[in-house]
Amino acid sequence: MADVVLSNVHKKFGTFTAVEDLNLDIQQGEFISLLGPSGCGKTTTLRMLAGLEFPTSGEIRIGDRVVNDVPPGDRDIAMVFQSYALYPHMSVGQNIAYPLKKRRVPKTERAGMVAKTAEMLQLTPLLHRKPKELSGGQQQRVALGRALVRDPKVFLLDEPLSNLDAKLRGYMRAELIELHQRLGRTMVYVTHDQLEAMTMSDRIAVMEGGKLQQFAPPQEVYRAPANRFVASFIGTPGMNIVDGSLHEDAGRWTFTAPGFSVDAGQLGPDARPGPAAMGIRPEGLTIGSGPIQGITQLVEQTGHENITVVRLEDGLRMTGRTAPDRLWRTGEPVQLSIDARQAHFFAEGPTGKRLNRDVCTMDAPGSNGTSLKEATS
Amino acid sequence: MLAAVGPPAARRPDPQRYAMAKQQQTVLERQYSRLGLLLIAPTVLVFCAVIAYPLVSAIYLSLFKIFTPTLEGTWVGLDNYRTLLVKGEFWTSLRANLIWTVGTLTLQIIFGVGMALVLHQNIWFRSLARSLILFPYFISTVVAVLVWKWLFNDLYGILNHLMISAGLIDWPIDYLGTMPNAMISVILVGAWKYFPFVVIAVLARLQSIPDQLYEAARIDGAGPIARFFDVTLPQLREVLVVIIMLRAIWDFKEFDLIFLLTGGGPVTSTQTLPLVVYKEAFALNQMGMAAAYAVIMMLIMLVFMILYMRRTQREDT
């Protein structure tokens, strides 16, 4: 059963459209990430769910009721803010108890619930401290506690980890996943960090320019990005995207870029001959052998692998992953090959639609996977 | 300055270690210390000239019986204080002083916070209203009081005229010549004159309260009134403490507004301590007694000051 539903939601601030025709069906107990760059509308969407912003048009449902006109406090939601928004004059215990107090939960019952929540988040020894006496990670847990204590139907989290240092962020990510598994509650999580979205979510809603670009499980977003924007936004280092053109010959497609061409095999029904783009993730490149000639431009050593940037003859840059034991020097000539089975093809334009028929995989070659043709130049 | 030697050793009372720490000062540190002394020297000199000297001088004068025009006097020790404390005038003035201070300060805070909350909203002409609200505070006290005296005038005053026209009263009210009207009028004019200070200070604080606190409170189920008491007021607490302490001191020693409006009258009903100081010094030509009143006033305000300093110290720890 769908727990949270947004239907045809629009949000305008004056003449600026923040969210355009958004449709999302979130299942009960799902962990959903709203992912996108700054200004893509993800936070506005979350704030509309919370009741802090009102949609210009469209309908928002939580559970079995339309909540467009329900104030935030009555929506049975809890929210964790990026800045934590703890009440500075209240102790940890009072902060956690506050939502209960406002809902007139009797004092004795309240104390028990606060104690239980504090126990779960290891906050018991800190209950009498003021927020400013806590570290960032502890404040984060108090903010979580304030959300958890009244067991709401939906949790809304607005970039809750972005103020923490990298190590703590990794730890809290694991904690949140565990918490979600334990509580089984619906969680909507806003982030611009694709790693958080990929590791924590059941499904990711990728947004850009106020529009939903793709709403799918992390693996699908990675392996079958709906369009060129999603493809370039997800993945570190990013996907190599090359502009070129598509040609068809008896149902088989070929992608031609300056310097090389790739056999695209069979493509979906939207494919048209003419200008298009090809995307290939760094792991889809083989550096060291192949028909394409280039020069290493930059090598980043991360320890377990090297990220190698190769410049092709006409100035095109391709990024690949290489084993740490083979270190190319800058300026050294290398050969390069592209695994056509892992290539994505996109229609023209920054949000050009993906044209492949299937999900690209390394293990199971798709119908469009064949060998690389000779370099044409 | 010299204590800035560094590690905890310098802070301990152990003289040997202190000496060692002092020796450990590098050439550069010593240079900085000297520079520091040089930089604070002008302030210290000015402080001595305009604050320390008059203070000591006032205390010294209060031990003499002095005829103001000639400034010649005889040593009387603490006699001025003894006379003052058994005189009824001191106690009635102190009482008037406290009524004035508490009354006007309370109204300043209520109007000030209320108006700040209004001006914090997204209302029309907000920036214009924010500038206009400062008007009473910027206007010269003499001008303001003259205007108010005309408004209050029992024969020609517009207040009486309007109230009679509206049928609220049958007979003109004597606002400044009878009690308790005179005290109420003084308190009201004081509140009108000084509430903009409260507005500005509170408004500045209101604007720095993070919106997310209000949003969190809304999600936690707090209505508008609960949000005021659980978010706004606790956030304003510190600035209100500072405002109350400062305004209490300023109102307590207010002279021109009361002197010009009622001159302390009727009889001595609105005669606060600063007015007594003036009367003793220049009407009765008793400079020594005036100094004694001034010293007592200073001691009373010192209580406020100590409370304020204790409070800020507690906040810091």
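In what sense do strand 12 and strand 13 of chain A pair, and over how many bridges? The two strands pair in the antiparallel sense, over 5 bridges. Two strands count as paired if DSSP finds at least two bridges between them.

## Basis of the report

This is a predicted model, in which local features need pLDDT of at least 70 and side-chain atom pairs count only at pLDDT 80 or more, while totals for chains, interfaces and linings use all residues. Residues are numbered from 1 along each chain as its sequence is written, chains are lettered from A and ligands numbered from 1 in the order in which they are written, and side-chain values use heavy atoms, with hydrogens and water left out.

## Chain A as a whole

Chain A contains 8 helices and 19 strands. These elements are DSSP runs numbered from the N terminus: helices are H or I with at least four residues, and strands are E with at least two. The C-alpha trace of chain A spans about 80 × 45 × 40 Å along its principal axes. Of its 377 residues, 53% count as buried; buried means under 20% relative accessible area, exposed over 50%, and partly exposed in between, with a 1.4 Å probe and protein chains only.

Contacts are defined by heavy atoms within 4.5 Å. Among the contacts in chain A with a separation of 6 or more, 64% are accounted for by residues 24 or more positions apart. The accessible surface of chain A is about 16,600 Å², and 49% of that belongs to carbon and sulfur atoms. Accessible areas come from the Shrake-Rupley method with a 1.4 Å probe, and for residues only the protein chains shown count as cover.

## Strands 12 and 13

Strand 12 and strand 13 of chain A form a hairpin with 2 residues between them, and G259(A) in the turn has a positive phi of about 105°. Within this pairing, W253(A) has G265(A) of strand 13 as its bridge partner.

Strand 13 (residues 260-265) of chain A is largely enclosed by the rest of the structure, because 6 of its 6 residues are buried. In a regular strand the side chains alternate between the two faces of the sheet. In strand 13 of chain A, F260(A), V262(A) and A264(A) point one way and S261(A), D263(A) and G265(A) the other way, and all are buried.

## A four-stranded open sheet

Another part of chain A holds an open sheet of 4 strands in the order 17-16-15-18, with antiparallel pairing. Its edge strands are strand 17 and strand 18 (333-338) of chain A, each of which pairs on one side only. From one strand to the next the twist averages 50°, where axes are lines fitted to C-alpha atoms, for helices over the stretch in contact, and angles run from 0 to 180 degrees between N-to-C directions.

Strand 16 (residues 306-312) and strand 17 (residues 317-322) of chain A pair in the antiparallel sense over 6 bridges, and R311(A) stands opposite R317(A) in strand 17. These two strands form a hairpin with 4 residues between them, and G315(A) in the turn has a positive phi of about 95°. Strand 15 (residues 285-301) of chain A pairs with strand 18 of chain A in the antiparallel sense over 7 bridges; here L336(A) in strand 18 is the bridge partner of I292(A).

## An enclosed helix

Helix 1 (residues 42-50) of chain A is also described by its burial: 8 of its 9 residues are buried, so it is largely enclosed by the rest of the structure. The buried residues include K42(A), R47(A) and M48(A). Just after helix 1 of chain A, G51(A) takes a positive phi of about 90°.

## Backbone exceptions

Most residues other than glycine have a negative phi, and most peptide bonds are trans. The peptide bond from T236(A) to P237(A) is cis, with omega near -10°. P237(A) lies in the loop between helix 8 (228-233) and strand 11 (240-249) of chain A.

A250(A), in the loop between strand 11 and strand 12 (252-257) of chain A, has a positive phi near 55°. A250(A) counts as exposed, at 77% relative accessibility. In chain B, V267(B) has a positive phi of about 55° although it is not a glycine. V267(B) lies in the loop between helix 12 (256-261) and helix 13 (273-283) of chain B and is exposed, with a relative accessible area of 77%.
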